[in-house]
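Me: I am new to this structure. Please show it, and then let us go through it step by step.

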Amino acid sequence: MTRRHDAGAGVSPAGHGVVLGALVALVIALSATIYVTVAAGDGLPRGALSDNRPHRNSSAAPASTGSWVGAWATAPVGGEPGTETEGLAGRSVRNVVHAAVGGTSARITLSNLYGQSPLIIAHASLALAAGDGTPAADAESMRRLSFDGSARVVIPAGGQAVSDAVRVNVPRGGDILVTTYSPTPSGPVTYHPRARQISYVADGDRTEDATGEPYTRQTPYWRYLTALDVLSNEADGTVVAFGDSLTDGVTSTVGANRRWPDVLAGRLRTALEDGRQLPRYSVVNEGISGNQLLADGLGRPAENQSGLGRFGRDALSRTDVRAVVIDLGINDILRNPKLADPDRITAGLRTLVRQAHARGLTAVGATLMPFEGRRGYTPAREAVRQEVNAQIRAGGVYDAVVDFDKALRDPYDPRRLRPEYDSGDHLHPSDLGFAKMAEIFDLNLLKGAGQAQL
């Protein structure tokens, strides 16, 4: 754009005009380049600030290093009864979840697995809870979520969507509020019914309301949300607890996070803080009440899908999974209209282990706990349980074994749970029983990768 002159040469007035015009054009071009660069690099979706609502670091790239791990997860179970036509159109759903590990950025996964039409999420947000047992949020932590740069996402029937990452300091052991708003009917709402955690619902788009006042309805369900991942310097990988109601924690205290995977996560954190040489893992819970290893529930897609059918989705697909802990089989014994075949159960468990090994994962398995006194108990079913446990203990099923049966059974009547570990229904543990399950778990079992040739 500049002209080359000989030394001492004069420049005519016309020449001055050409030079000045060229300089003006250059300044304009440079200004446009700077504007485009800044606009492209701010990480905000186009039009994101048009409604003047809070918008903090919506989709900015993570500023720190670390590993993406699972901080919380749950399994989609089925379509929520009563939502078959309208879904939750015109309402905001505020899910409350508990982060097993802290991080500096976060992202979520939303599922429409059991929807029969596209699910439109017009807005979604993430914030730290202002306290225990409240829908109120810490206003400074409120983040608007985006999906591929847009605040709006359409999730097809049977599909899921992962949000963009947002910068937010997620505290280890903190409650996180994830809120979604759907403006239109979507059919059945994909949900997890036995959350053991109170969440909230409000009318209208209240996704970024920090007061919590519009959230006048409580719910025992988690809806749409199936995962919270964080960029963490505290963990290098994820452990998945995969099981039935005993893992789901259906008799644990609501809102207290006393399921055995919760307690295990706490034990692992404490051991690392004490300087023990252990893997730095988070723990997520993929238990489903009533889940069977071999049999699906009803419907298409099947509600309460079998352990064999959902293992890839709920365990192997979790973020940076390194190990799985499997506690399945008791419902195959209790719910089978005929007498369950112990060899079929252990063969199914071996199939899960082979799939884990194919991903280089450690597969730790649990013995099946006693259930005498529970409706459906018979001596013949007890014999099946004993045979399954004998095969597990013999080392022909898992890489390593955690003996929940031995730890929680009544020493005076091994067919029953020890009274202090029994919730009262003779199948599910009390809070003390869940704590015992986590306590007897040898943390060294999480070392290494799945190498056993079974």
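Cavity, helix and rings

Reply: By the grid rule the count comes to 1 cavity of 30 Å³ or more. A cavity is a set of points, on a 1 Å grid over the protein atoms alone, where a 1.4 Å probe fits but cannot get out; lining residues have an atom within 4 Å of a point. This is a predicted model: local features need pLDDT of at least 70, side-chain atom pairs count only at pLDDT 80 or more, and totals for chains, interfaces and linings use all residues. Residues are numbered from 1 along each chain as its sequence is written, and side-chain values use heavy atoms, with hydrogens and water left out.

Me: What volume does the largest cavity have?
Reply: A volume is the space filled by probe spheres set on the grid points, which are joined across faces, edges and corners. For the largest cavity this gives about 30 Å³.

Me: Which element gives the largest share of the lining of the largest cavity?
Reply: The lining includes Thr190, Tyr191, His192, Trp222 and Arg223. Strands S12 (190–192), S15 (222–223) and S16 (225–232) each give two or more residues. Strands (E, at least two residues) and helices (H or I, at least four) are DSSP runs, numbered from the N terminus. The largest share, 3 residues, comes from S12.

Me: Which elements are among those that cover the buried residues of H4?
Reply: Buried means under 20% relative accessible area, with a 1.4 Å probe and protein chains only. In helix H4 (residues 307–316), the buried residues are Gly307, Arg310, Phe311, Asp314, Ala315 and Leu316. Their cover includes strand S17 (237–243), strand S18 (281–287), strand S19 (321–327) and helix H6 (342–358).

Me: How many residues apart in sequence are the parts that the pair of Trp260 and Phe404 ties together?
Reply: The structure holds 5 aromatic pairs (ring centres of Phe, Tyr or the six-membered ring of Trp within 6.5 Å; planes under 30 degrees apart are stacked, over 60 edge-to-face, the rest tilted). Trp260 and Phe404 pair edge-to-face, 5.4 Å centre to centre, with 65 degrees between the planes. Trp260 lies in helix H3 (residues 260–273) and Phe404 in helix H8 (residues 404–408), so the pair ties together parts that are 144 residues apart.

Me: Is Tyr377 buried or exposed?
Reply: Phe371 and Tyr377 form an edge-to-face pair, 5.5 Å centre to centre, with 75 degrees between the planes. Phe371 has 0% relative accessibility and counts as buried. At a relative accessible area of 18%, Tyr377 is buried.

Technical notes. 1 Å grid on protein atoms, 1.4 Å probe; cavity = no way out; pocket = protein on both sides within 12 Å on 5 of 7 lines; lining within 4 Å. Buried < 20%, exposed > 50% of the residue type's maximum accessible area, 1.4 Å probe, protein only. Contact = heavy atoms within 4.5 Å.
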